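The sequence and the coordinates are shown first.

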Amino acid sequence: MANCQRRPAPLDPIYYPLLTLLFILFTCVDLYDAVTVVDVYRLVQFDISSVPFGSRLATLNHHAASSLFGSDLSRSVIILPVRELDLDLIKEYIGQGKLLGGLLLLLPPHFSPEKVDAAVGIDEDFDLLRNKVSELERLLIHANIPYPVYFAFENDDINAVLDEVKRNDASGQPATATTGGYKLLVAASDPKKIASPTITNIQGWLPGLKLEGDSTQLPTIAIVASYDTFGVAPALSVGSDSNGSGVVALLEIARLFSILYSNPKTRGRYNLLFGLTSGGPYNYNGTQKWLRSFDQRLRESIDYAICLNSLGSLGNELHLHISKPPENKYIQQIFQGLSSVAEESGLQVGLKHKKINISSPRVAWEHEQFSRLRLTAATISELSTAPELLESTGSLSDNRHSVSEASVIRSVKVVAESVARHIYSQEGKGTNIFADNSSLAVNPSYVRSWLNLLSTTSRVAPFLSKNDPLIMALQKELADHTTEVSIQHETLDGTFTFYDSISGRLHVYQVVSVTFDLLLLLVLGSYLITLFSFLIITTRGLDDLISLFRRPPSR
């Protein structure tokens with residue numbers, strides 16, 4: 001028997017018009033699909049003593065433009081690459097309070113925290129660009145901007161959109177509802193205040209060796225670093241140098257001394273207290289609350305504290321910032337100890353004395369919180385002068401490219417060696433306790449891994465929860481090298497108020513003009529009339545169709 005194959009039944013011709021209509025509708029939908037979607041990061045929104053700063057809105061829904069020159073830009077989102085930015089024009093525009101629908105600032109890709117392995121010298125004018133970004137940050141942070149401001153990173157898709165927007169603007173046809181163009185959309189709710197933002201301090205101990213029958217309390221040396229940041233875009237504020245380098249240095253110093261203190265024969269007769277503090281950008285509010293939690297006995301046991309701040313510069317000079325007179329016995333001890341070790345490494349240590357004003361709430365350096373409680377302390381830093389409030393604490397340019405791993409290792413050696421020589425009374429004897437290629441050598445892999453981690457993790461305190469993975473990681477790491485590790489949760493000083501909605505997704509749509517909409521409506525209307533006529537003729541006949549348009553007889 002011959003094999004018979006059944007042919008599929010032909011489609012009824014009545015369905016052809018319906019399929020054509022569906023095809024047209026799907027085509028129209030495709031016209032409005034997003035051209036590209038990119039991650040965007042909103043300009044910080046905060047208040048200081050109820051005075052508003054930063055970007056006050058989060059929702060974007062306007063057409064794209066590429067220039068600040070225009071009669072009415074209140075319904076336009078201006079896309080500006082930072083490379084091409086005219087800072088004077090931006091300053092004038094913001095200063096005069098002119099309105100925009102929004103502002104999208106495009107950063108070079110190597111400013112991204114995710115680019116930890118990229119080469120530093122991508123741009124020939126990299127230093128000039130960093131300076132421009134820093135100046136832009138100072139302008140934006142201290143301004144009250146009544147429209148959404150977002151940052152994004154350049155890529156092929158967003159660059160292609162910007163090129164076309166520039167061409168349209170140059171031709172005298174900026175994007176509007178009548179001319180079409182590109183529309184930028186960030187769907188976000190109104191920013192809300194962060195209620196009772198938490199700051200978290202972490203501490204660990206390495207107890208010194210107490211001789212049998214000795215009832216006296218051992219003296220304490222504190223090593224402290226603030227780990228949180230603040231920046232123009234909180235979601236991008238990683239602060240690799242300020243103060244990621246200080247945190248990494250503290251962890252490595254704790255690791256080195258944990259090896260020494262693990263053996264009773266090499267354990268020193270000093271307690272070592274390691275503190276990772278929060279609230280650094282906000283007058284070291286976390287340090288203040290941490291110190292106030294100490295009992296009188298602990299405070300009296302502290303010989304001195306060394307605060308680590310911004311140690312990743314390529315320079316050959318470190319600065320020891322103090323508040324107590326340089327003649328103070330412990331200050332002289334710290335300075336001479338650091339200077340002698342630094343000279344062996346080809347470094348110089350300068351002494352910077354700055355008196356504190358007890359009546360002023362401004363705290364420029366972390367050691368000043370110790371000094372306010374009459375405790376001897378100093379800050380070791382590459383910075384020669386104190387940064388202004390909310391500046392140099394996690395800027396956009398402070399990423400992995402701005403930190404020298406070798407500089408951090410060198411700073412660790414200087415601080416650890418000077419403290420160890422003091423503990424073991426080896427000053428001036430040429431002893432190298434943490435010698436290279438020994439079991440007590442600084443571990444470059446350890447320093448590198450923590451630098452890379454902190455350089456990809458934003459750490460703005462109000463946006464860190466009590467159980468944030470970073471806080472848990474720091475606690476675990478400190479617990480690996482010290483004992484009696486504890487966490488202290490406090491509420492940030494009410495002087496500062498922060499708002500959420502720090503990042504989002506930007507959808508870029510290519511929209512058509514009203515003329516196209518009208519033409520499409522005409523085509524669809526004609527098609528529906530034709531379809532209606534076709535159905536009437538095929539089902540009821542031509543006479544019935546004609547009768548629909550025939551004037552009814554009058555009575």
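The model is a predicted one, and Thr 482 is placed in the loop between H12 and S17. A polar atom of the Thr 482 side chain lies 2.7 Å from the backbone oxygen of Leu 478. When neighbours within four places in sequence are set aside, the residues in contact with Thr 482 are Gly 204, Trp 205, Leu 206, Ala 254 and Phe 274.

Glu 484 belongs to strand S17, which covers residues 483-491. Glu 484 is exposed, its relative accessible area being 60%. Its phi is near 50°, a positive value in a residue other than glycine.

## Helix H11 and its packing

Helix H11 spans residues 444-454, and its buried residues are Tyr 446, Val 447, Trp 450, Leu 451 and Leu 454. Viewed down the axis of H11, these buried residues fall within an arc of 125°, so they line one face of the helix. An α-helix has 3.6 residues a turn, so residues three or four places apart point the same way. The partners against which the buried residues of H11 pack are H5, helix H10 (405-423) and helix H12 (469-481). At the start of H11, a side-chain oxygen of Asn 443 comes to within 3.0 Å of the backbone nitrogen of Ser 445.

Apart from residues up to four places away in sequence, Leu 451 touches Ser 240, Ser 245, Val 248, Arg 400, Val 403, Glu 405 and Val 408. The C-alpha atoms of Leu 451 and Gly 246 are 10.0 Å apart, although 205 residues separate the two along the chain.

## Aromatic pairs and the ring cluster

A pair of aromatic rings is described by the distance of the centres and the angle of the planes. How many aromatic pairs does a search of the whole structure find? The search finds 13 aromatic pairs. One of them is formed by Tyr 41 and Phe 153, an edge-to-face pair with 6.0 Å from centre to centre and 65° between the planes. Tyr 41 lies in strand S1 (residues 34-42) and Phe 153 in strand S8 (residues 149-153), so this pair ties together parts that are 112 residues apart in sequence. Tyr 41 and Phe 153 are both buried.

For Phe 257 and Tyr 261, the ring centres are 6.4 Å apart and the planes stand at 75°, so this pair is edge-to-face as well. Phe 257 and Tyr 261 are four residues apart in helix H5 (residues 240-261), which means that about one helical turn separates them. Both of these residues are buried. Elsewhere, one aromatic cluster is formed by Phe 46, Phe 53, Phe 230, Tyr 282, Phe 463, Phe 496 and Phe 498.

## Charges over rings

Tyr 446, one of the buried residues of H11, has the charged end of Arg 255 over its ring, 5.7 Å from the ring centre. A second case is Lys 329, which lies over the face of Tyr 330 at 4.8 Å from the ring centre.

## The four-stranded sheet

Four strands, in the order S7-S3-S2-S18, form an open sheet with mixed pairing. Strand S7 (144-145) and strand S18 (496-498) are at the edges, each with a single partner strand, so one side of each has no neighbour in the sheet.

Strand S2 (residues 45-48) and S18 run antiparallel and are joined by three bridges. Ile 48 stands opposite Phe 496 in S18, and Phe 496 is also a member of the aromatic cluster.

## Backbone exceptions

Most residues other than glycine have a negative phi, and most peptide bonds are trans. Which residues does a cis peptide bond join? The bond lies between Ser 242 and Asn 243, with omega about 5°, and Asn 243 is part of helix H5.

Asn 437, located in the loop between H10 and H11, has a phi near 65°, a positive value in a residue other than glycine. Asn 437 counts as exposed, because its relative accessibility is 81% and the cut-off for that class is over 50%.

How values were computed:
Residues are numbered from 1 along each chain as its sequence is written. This is a predicted model: local features need pLDDT of at least 70, side-chain atom pairs count only at pLDDT 80 or more; totals for chains, interfaces and linings use all residues. Side-chain values use heavy atoms; hydrogens and water are left out. Rings of Phe, Tyr and Trp (its six-membered ring) pair if their centres lie within 6.5 Å; planes under 30 degrees apart count as stacked, over 60 as edge-to-face and the rest as tilted. Helices (H or I, at least four residues) and strands (E, at least two) are DSSP runs, numbered from the N terminus. Buried means under 20% relative accessible area, exposed over 50%, partly exposed in between (1.4 Å probe, protein chains only). A charge sits over a ring if NZ of Lys or CZ of Arg is within 6 Å of the ring centre and within 35 degrees of the ring normal. The arc is that of the directions from the helix axis to the C-beta atoms. Contact means heavy atoms within 4.5 Å. A polar contact is a pair of N or O atoms within 3.5 Å; within protein, one must be able to donate a hydrogen and the other to accept it, and residues adjacent in sequence count only if both atoms are side-chain atoms. Two strands pair if DSSP finds at least two bridges between them.
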